[in-house]
Structures are given as structure tokens and as C-alpha cells.
Amino acid sequence: MTAVKRVWGIPLVRHLVIGVVALVVVLFVLSSLSPFRNAQMATMAYLAIAAGGLTVLTGLSGQLSLGHGAFLAVGAYTTAYLLKDPDPPLPLVVIMLVSVAVALVVGGVVGVAAARLKGPYVAGATLALAVAVPALVRYLHGFGQEQGLHVIVPDVPRWFTDIVWQITGVDVDPVSYVAYLGWIALIVTFILLANLMRSRTGRTWRALRDNDVAAEIAGITLGRSRVLAFVMSTAAAGLAGSLMALSVRVAAPSGFPVDLSLTLLSAVVLGGLGSLTGALLGSALLTFLPQAVTNWGSSAGLSDVQSAELAPVVYGLIMMAVILLAPAGVVGSLRHAWQRRRGLA
Amino acid sequence: MTRTTRRGHRFRRPAGAAALLLVGALALAGCGRDASSREPAAAGDTTGVTDTSIKVGATFPLTGVAAPGYSTIPKGAQAYFDYVNDNGGVYGRKIDYIVKDDAYNPTTTSSVTNELVLKDQVFAMLGALGTPTHEAVVDFLNSSKVPDIAVSSGSVTWGDDPKEHPWTFGWQTDYESEGKIIGKWIADNMPKARVGLFLQNDDFGASGEKGLRDYIDKQIVAVSKYTPGGTDVTPQIAALQAKKADLVVGFNVPSYTALSQLVAMKLNYKPQWFYTNVGSDPTLVGSLLANFSKGQVKNGAQLLDGVMSTAYLPDVSNTSNPWIQTFDKIWKSNGSGGALTNYELYGMSQAYMFVQALQATGKDLTREALVKTLEEKGGDFTGPVFAPYRYSADSHLGTSGMKVVKIEGGQVKDVTGVETTDIGDADITESSESESTPPADGIPPAE
């Protein structure tokens, strides 16, 4: 029993076990959902990946990014560029990795500049990026300008259909294929992020978030740690962007407005800064709430325009309620409550 | 590998009893779903159609920057469908029209279209608005074999290649044909004019320029492009002024009509303006002018006096037109209040064409049959549009021609008759067909 406990105490083992269990659960859940719910699950997966990267950046290393939509755009455009012809030059997984790499490089360049800034100045610089990237794409030739690049999602590979069939007994259609891809990518990303948070690097980030002077005295190179955190979260955003392109099937400037970045940040705050579970919760809310609220609105007899306007109102109210009643976010506040109870008992 | 062999394969595999049970249960669930969605092969796809209803979906920007004007198009369609339903529907089927907001964001278009097709199971999409937004869903709709009727955008993509998108049909005159018609009119009537172009920097502007250059390549002295999103067009207009352009043709959206007018006022630049149909709605541009100038311009609509434009539908100010009279009556009985606008008229016209196609298809409505009807009979449909639709097996492009018009005292006056043409090197001909009149009750007759 103690041996099991000891092994469970090793973060990598724990995260891998949770990951494998999650993977099996996800396969069964996705295979039992309708195609429409699968499409929503694909959306939730890419939002959660982006929010996961952002929550680690903001919650752990203390850098506030208001421009993560720009890195989603970088990932999405890379994928769209490589998938604009019916015969893609690379396998899909490689295309996704290339998108991550491109976002990582762009993130590195921005990160080096951002590492010299602190607090609100990082936020300002990244916000400028969120405005600039879609505008830049409108000017550049070869990126489809206003109407964007069309994404041709490759056919579901035979081996993939066979494996899913062996496990769940359900066929994979093109819509759920993207959902499977998204959730597999989400689980892999979250295992990596969870490990990173528990590692020396994660502790370094916490140190410089809480007091950068103390961290520097303790021998932490501030610039390098900040850039690392930034690059890691832009890589996650790149992956999210790549999946976004696959699920939306187009990469167009109007798909990356400034409020995409702000919405992502709000999802992270709602769930609880620095918590991956919180990121998951926030992205679930972002995905399912608007559609549900709009439907409630129209079934309650509101006009189409009114019910369309209802979703942001309800989201805003929930946001305010969370900030007033649970300032550490939903997951953060639950965790605090749990710790208090244990401390008392 | 077919499904039966795969299934046989599965049972030969050694697996844990519990896992096998679970897999078995889910496989059964899977089979159940497959069986229920299987259609009898010959009858065609009747998704969204019952004996008493037809479900139709649409995506429009109801909120956000593109909402002014465009958000009222579906109100027109809704009013027309309500009117048809009140009069017994089409072959006894009421039309259930579901509109979703995409805020002109392709990501949202994709998710709400998923909802319409996969969850609400609509029979067809009607009038989905926007080029980048519809680009996101056109492949999905075609691979799901959902009729995608009357896309609200003048891009040639919606119909120039029916082999690539067999389920998608255009609606309004495409921007290239519009460019050609404007170009020919300038070549014939203002051959000495020094033409400056004011273009949106995308497919819209590029198609228009292509059409214009077929006729007035040598007359064009300056080309200015703006990128949507920016709010200052002073450099662009100043460049046209510097080249002494005395006729400016704008392929731009309404907000840039207002911006270009304000800048020209500031620069004291007074060329003849020629805006496309998209950019010239006097009421909308007038209110935008008042808004952008923070109230300094009060008589916005009058500021557009003398501006030239094009039209493929009659203007609501033209109260002697029988179609306007019919639609105005329907708007008064079934609309959502206020005076009929050109945007609502646009939605009603799309709805009219859709009902026309349903009537012509007959009682046995399937998705395949609707597309077949449009390809075989759509070219003969008459309606509020001035020129016939180009629907055939080789082209799914919408109406083929326009009139050149002039805005005078808030009214839209005809300058020419109906000029019809097509994309590519098709000639422009004056339409000889006399204008159609609506059926007495405003509902296209069944065949």
C-alpha cells in the first residue's frame, strides 16, 4: 500500500495514469455523443489548450497576456497554409507540430521583448500584437486577405478509424475526427503542463511571480524564466490555433478579433488562475453557455436578435458573480474551501 | 474494410470480459444510430421535412460591427414565410425558419452552422451572409449534402463552379459582372472621365476591378485600396484627388461610403461618385454619416444626392413598382413593424425565390429534388429581381444583371434599362424581357 502511495506521489506517474484514464473516458464519451456535440467538444478542446497555456503563463509566472489570440492566429494560419491544397505536403500530426513550432518561434521573439517589461506593460505589448496580427494578414498576399485561407481537413486515416472502432465500436466521421484529435492533443498538453508546473521550472515561475527581487537573489535568471514561460504558453496557443483551423475550416482575420484574447483570459480567471482544471472549466463554459443561453432566450419568446444579445449578458453576469463571490476563480475558491475544512478538522 | 467484416474481426479478438461487454453495448448503440439514419436509396434525403413542416436555417450578423442593416434581412424573410404559412404553407407544409447569429465571425459561423445542420437538422440553408463567414462552412454544407441556397454575398465563388460546390447557389449579381456593367456605362457615357478606383483590399475589390478593366482599362488614372478595419481613408482619397480623378468608382462597404464622403468634404474634393449596390443604401449611409461626424452632418441622405449606383432589386422608395407594393402589403400584415427597408426587401426576395423553388419541386420534397429544380427550372423563375437567375447545371450564379441608377432627392432613379451579363468574356446585353408582375396573392403558384 505504501509502495503504491509512493509511486502515486511521483507527479509524472500520477499525471500519466490520470492521462490514460482520461483518454479512455474521452474516447467513450466522444463516441457516444451526437455529431453536433462532437463539434462543440472540438471547440472546447482547442479553447482549453489555449486557456491551459495562458493560465500557466499568467497564474504561475505572473505575466498578463492580452494577446493570445494572435498566437492562435499564427497556429491557425500555419495549419491553413499547409492544408490549402487537397494533397497536403505533410501528415496532419506533423502539420500540427509545425504550427506549434512556428508559434513557438514567434512567441520567442515577442517573449524576449516582453521579458524586459513587467505587469501592465506586458499586457499592453501583447494587446498590440492581438490587433496587429489580423491587420497584417489582411495586407499580406498569399494569406487570402479578408476572406482568409480555406482549410481542407484530410480524410480520417483508416488506421485511426480501425483503432477507435476496436475500442468503442463506433465509426469516426469527419466532424468527430477533429474532436478526437483535439482531446488527444488536450490530454497530452495538459500532462506536459502539469509536469512542468510541478517541476523546478514551475517553482522558479512561482518564485518570480511572488517576488522577482527575491527570486533573482536566489539565483533565478529572470529574463530566461520569463521567456521560457511565454514561449511555452505560445506553443500551446499555436497547437490550439491549429486545431481551431481544423474545426472552423477557415483561417480568416475576422476570426481573430481582440475579444478572442480577452475571452480566453476571462475563461482563465473564471476557472481559477494557475489551475488547469479551471482552464478546462472556463473553456467548457465558453463553448456551451452561448448556445444554451441563446436557445433559452428563443424558447422564452425573445426575438432572434434579443436572444443573440442575451449570451454575452449572461456571461458577463456570471463573470461578475464569480469575481465577487469566488475571487480566486471557481476551482481556486473550491480548493481554498477544501483546505480550510481540512485545516479545521 | 466493410463494417460487417470489421464487426466479425472484433469478436475474434481476445479481450477482457468486462471490456467486451462495454464494447458490445456501445457497438449496439452505434448500430442503432446507423440503422435509424439510413435512408431508402431511391427516395432521396428528406431531412428537415415532415408532412406539415420544412425546417430552414440561416446565419446572419445579428450583433457586432456588421449588424446595422444586415441584421434586418432575416426579418424580411421571416415576414414573408409567416405570410406564406398563414396562407396554408407550401403543399400544406409550414416553413420553420431558424436564424442564428454569427456576429460576422467565421469561427461562430462554423459553430452555429454545425448546430443548424447537425442538431436542428435543417432541410436547407437560405441566404447565409458574408464571404469569409460562408467560406468557413461551404465545404461542410456540400459534404453533408445540405442545399445552400442564395448566399448573401456577391462573390463569384458561390456558383461559378457547380462541380466543386454542387449544393451551393448564389443570389445577387456577382461583383465581377457588376464591374463590367459599370465599366461599360462609363465607356459609353463618360469616355473622357479620369476614373479613380476606391477599392476594398480583398476579393470584393479585386473582382470589381477585373470587371471594370474589361471596359475602361485606359481611363483608370488612380487606384486606392483600403483595408477593412481602419477608420482613416484620407491618404486614399487624397491620392485620387492628386491624380485629378473626376469620377470615383467605389467597390466598398457602406461604412466606407460614409468615410470617403466625409474625407472628400474635408479635402474639398468633388468628383462624380459611383458606388456599387453594396455600398450605396442611402438610409444606412445617411445614418452612418451622422454617426461618424458626431452629428455634424445632419442631412446625410441628401449628401448622397447625384451619386450613381447599380440595382438588381427595385428600391423601396419606388412605390409604383408592383413588387414593392406587394411586399409592402405583406410587410404591413406580417412584418415586425416600421417602414419596409431595402434590407428587409432583400430578405423577402430571397424567401420568395425559395418558396418558388419549393412550389416548382412539388409535393415530394427532397434535398436532391430541390437542387434539380433550381438547375432545371431556376433560370425561368421570375421575381422582384430585374434580370433572370443564371441557375443551370453549369452555373449556380444568381441574378445576371442590373440597372445603372442615380440617387436624387432620396429617391433611386433609373438611368439605364436592365443590363445583363455573366462572368468572364460574356457580352453585356440590354434585357428585352419586360418586367414581371407579382402573382395577386404574392405567393408563387404551384405547378
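How many residues does the contact take from chain B and from chain A?

## Where the chains meet

The contact draws on 35 residues from chain B and 33 residues from chain A. Please keep in mind as you look around that this is a predicted model.

Several elements of chain B each supply at least two residues of its side that touches chain A: helix 1 (3-12), helix 2 (17-37), strand 2 (94-101), helix 5 (106-119), helix 6 (131-135) and helix 7 (138-143). Helix 5 of chain B gives the largest share of that side, with eight residues. Sorted by class, the side of chain B that touches chain A holds 14 nonpolar, twelve polar and nine charged residues.

## Chain A as a whole

Let us turn to chain A. Its secondary structure comes to 15 helices and two strands. The radius of gyration of chain A is 21 Å, close to the 20 Å given by the globule rule for 345 residues, so chain A is as compact as a globular protein of that length. Along its principal axes, the C-alpha trace of chain A spans about 55 × 50 × 50 Å.

Of the 345 residues in chain A, 50% count as buried. Among the contacts in chain A between residues at least 6 apart in sequence, 76% join residues at least 24 apart.

## A closer look at helix 4

Helix 4 of chain A covers residues 68-82, which makes 15 residues. From its first C-alpha to its last, helix 4 reaches 22 Å, close to the 21 Å expected at 1.5 Å a residue. This helix of chain A is mostly covered, with 15 of its 15 residues buried.

Notes
Residues are numbered from 1 along each chain as its sequence is written. Chains are lettered from A and ligands numbered from 1 in the order in which they are written. This is a predicted model: local features need pLDDT of at least 70, side-chain atom pairs count only at pLDDT 80 or more; totals for chains, interfaces and linings use all residues. Helices (H or I, at least four residues) and strands (E, at least two) are DSSP runs, numbered from the N terminus. The expected span of a helix is 1.5 Å times one less than its number of residues. A residue is buried if 20 or more other C-beta atoms lie within 10 Å of its own, exposed if 12 or fewer, and partly exposed in between; C-beta atoms are placed from the backbone. Two residues are in contact if their C-beta atoms, placed from the backbone, lie within 7 Å. Ala, Val, Leu, Ile, Met, Phe, Trp, Tyr, Cys and Pro count as nonpolar, Asp, Glu, Lys and Arg as charged, and the others, Gly among them, as polar. The radius of gyration is taken over C-alpha atoms; the globule rule is 2.2 Å times the number of residues to the power 0.38.
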